[in-house]
Amino acid sequence: MSQTVSVQDRGFTLGDGVFDTALARDGVLYARARHVDRLLLAAHRLGIAVSRDAIETAIDAALTAEPAIIRTTVTRGTAARGLWPANAGAPTVVVTTAPWSPALVGEPARLITATGRRNEFSPTANLKTLGYLDHILAAREAAEAGVDDALILNTLGRVCCSTIANVFALIAGRLITPSLGEGCLPGIMRALVIEAAPSLGLAVEERPLAPQALMGADAVFLTNSVRFLRPVTALDGVSLAQGDLAALRAALLARA
C-alpha cells in the first residue's frame with residue numbers, strides 16, 4: 001500500500017526523526033521486541049511522542065511471507081517553520097520493504113579508514129537518526145577506493161563503527177567491541193553477539209579499541225541486522241587474520 005508524506009514533514013525538511021532496519025522471514029521480524037524498543041527509546045529521547053501501537057501496526061501491515069529488509073521510519077511529523085516547533089502534528093510512521101538474500105550473511109568486507117570522525121559527545125551519538133550524511137560520505141570514500149565499507153573513528157581516534165555496522169575484534173580469546181561511550185549505535189546484533197559469546201567460551205569486553213589493535217587481531221568482524229556477522233578481510237590495504245567465526249555465526253543464525 002502506497003503512502004504519501006508531506007513535503008513539510010520535519011523528517012524531510014530537517015532530518016527530524018529516527019529509523020530502524022530489521023530482517024523479516026516467513027512473516028516474522030527477527031528480534032522484533034528489541035527493534036521496537038530501541039526505536040521507541042530513540043524517538044522518545046528526541047521528544048517524538050509516537051506510540052508502540054502505531055509502530056507495531058505499521059510493521060504488521062508490511063510483513064509478508066517473503067524474506068525482506070524492513071525499515072521503520074518515525075518523524076516528528078509536520079509543523080510550522082522553526083527549529084523547535086511550538087506545536088507539531090502527529091508523528092509520521094512509515095514502513096518500507098526491500099528484498100533480502102541469504103547471500104548477504106557472512107559476506108567478507110574490505111575496509112578503509114574514513115577521513116571523517118564520529119562525534120561521541122553528540123547527544124544523538126547512540127541514536128539511529130535520519131541525519132546520516134557523515135556515514136554517507138564515508139560510504140562514498142569506500143566506493144571510490146573500491147572496497148566494501150569504511151571504518152569510522154571517533155574524535156579521539158579510536159574505533160567506533162563502520163558506516164552500517166558495529167565492530168568486533170577477537171584478540172587472545174576475547175571479543176573486544178567499542179563501548180557505547182565511544183559513540184557507536186546500540187546495535188541489535190551487537191547485543192546478541194555479546195549475549196551469545198560466553199556460551200562459546202568467549203569473554204566480552206566493551207572498551208576503547210585502538211585501530212592499530214585490529215591489525216594484530218585474530219579476527220575482525222562487523223555486525224548488523226541485515227548481514228548478521230561479516231568478517232573483515234583487509235583494512236587500508238593490509239590483510240587481516242581470519243580466525244574461526246563459524247560457531248558464533250551459527251549461534252546467531254540459530255536465533256533467527
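User: Before we start, what is a salt bridge?
Analyst: A salt bridge is a side-chain nitrogen of Lys or Arg within 4 Å of a carboxyl oxygen of Asp or Glu. Keep in mind that this model is predicted.

User: OK. How many salt bridges are there by that rule?
Analyst: The count comes to 15 salt bridges.

User: Take glutamate 56 and arginine 32. What do their side chains do?
Analyst: They meet in a salt bridge, with 2.6 Å from N to O. Glutamate 56 sits in helix 3 (residues 52-62) and arginine 32 in helix 2 (residues 32-45), so the pair ties together parts that are 24 residues apart in sequence.

User: Is glutamate 56 buried or exposed?
Analyst: Glutamate 56 counts as buried because its relative accessibility is 19%, and the cut-off for buried is under 20%.

User: What about glutamate 56 and arginine 52?
Analyst: These two form a salt bridge as well, and their closest N and O atoms are 3.6 Å apart. Both residues belong to helix 3, where they are four residues apart, about one turn of the helix. Arginine 52 is partly exposed, at 34% relative accessible area.

User: Which residues end up in one network with Glu56?
Analyst: Salt bridges that share partners join Glu56 with Arg32, Asp37, Arg52 and Asp60.

User: And which residue does glutamate 205 pair with?
Analyst: Glutamate 205 forms a salt bridge with arginine 207, and the closest N and O atoms are 2.6 Å apart. Arginine 207 is partly exposed, with a relative accessible area of 34%.

User: New topic: pockets. What volume does the largest pocket have?
Analyst: The largest pocket has a volume of about 440 Å³. Its lining is made up of 24 residues, and those nearest its centre are Lys128, Tyr132, Ile164, Ala165 and Asn224.

User: Which elements give two or more residues to that lining?
Analyst: For the largest pocket, they are strand 1 (17-25), strand 7 (159-162), helix 5 (188-196) and strand 11 (219-224).

User: How does the lining of the largest pocket divide into nonpolar, polar and charged?
Analyst: It has 10 nonpolar residues, nine polar ones and five charged ones.

User: And the second largest pocket, what is its volume?
Analyst: About 340 Å³. This pocket is lined by 20 residues, with Arg117, Arg118, Gly131, Asp134 and His135 closest to its centre. Strand 5 (109-118) and helix 4 each give two or more residues to the lining of the second largest pocket.

User: Where is leucine 133 found?
Analyst: Leucine 133 is in helix 4, which covers residues 133-145. Leucine 133 is exposed, because its relative accessible area is 54% and exposed means over 50%.

User: Which residues form a nonpolar patch with Leu133?
Analyst: Ile136 and Leu137 form a nonpolar patch on the surface with Leu133, and together the three have about 280 Å² of accessible area.

User: Last one, arginine 34. Where does it lie?
Analyst: Arginine 34 lies in helix 2. Arginine 34 is partly exposed, with a relative accessible area of 32%.

User: What separates the C-alpha atoms of arginine 34 and glutamate 141?
Analyst: Those C-alpha atoms are separated by 32 Å, and the two residues are 107 residues apart along the chain.

Note on methods: Residues are numbered from 1 along each chain as its sequence is written. This is a predicted model: local features need pLDDT of at least 70, side-chain atom pairs count only at pLDDT 80 or more; totals for chains, interfaces and linings use all residues. Side-chain values use heavy atoms; hydrogens and water are left out. Patches are made of residues with over 30% relative accessible area and no salt bridge: like charges are joined within 9 Å, nonpolar side chains (Val, Leu, Ile, Met, Phe, Trp, Tyr) within 5 Å. Accessible areas come from the Shrake-Rupley method with a 1.4 Å probe; for residues, only the protein chains shown count as cover. Buried means under 20% relative accessible area, exposed over 50%, partly exposed in between (1.4 Å probe, protein chains only). On a 1 Å grid over the protein atoms alone, a cavity is a set of points where a 1.4 Å probe fits but cannot get out, and a pocket is an open set with protein on both sides within 12 Å along at least five of seven lines; lining residues have an atom within 4 Å of a point. Grid points are joined across faces, edges and corners, and a volume is the space filled by probe spheres set on the points. Ala, Val, Leu, Ile, Met, Phe, Trp, Tyr, Cys and Pro count as nonpolar, Asp, Glu, Lys and Arg as charged, and the others, Gly among them, as polar.
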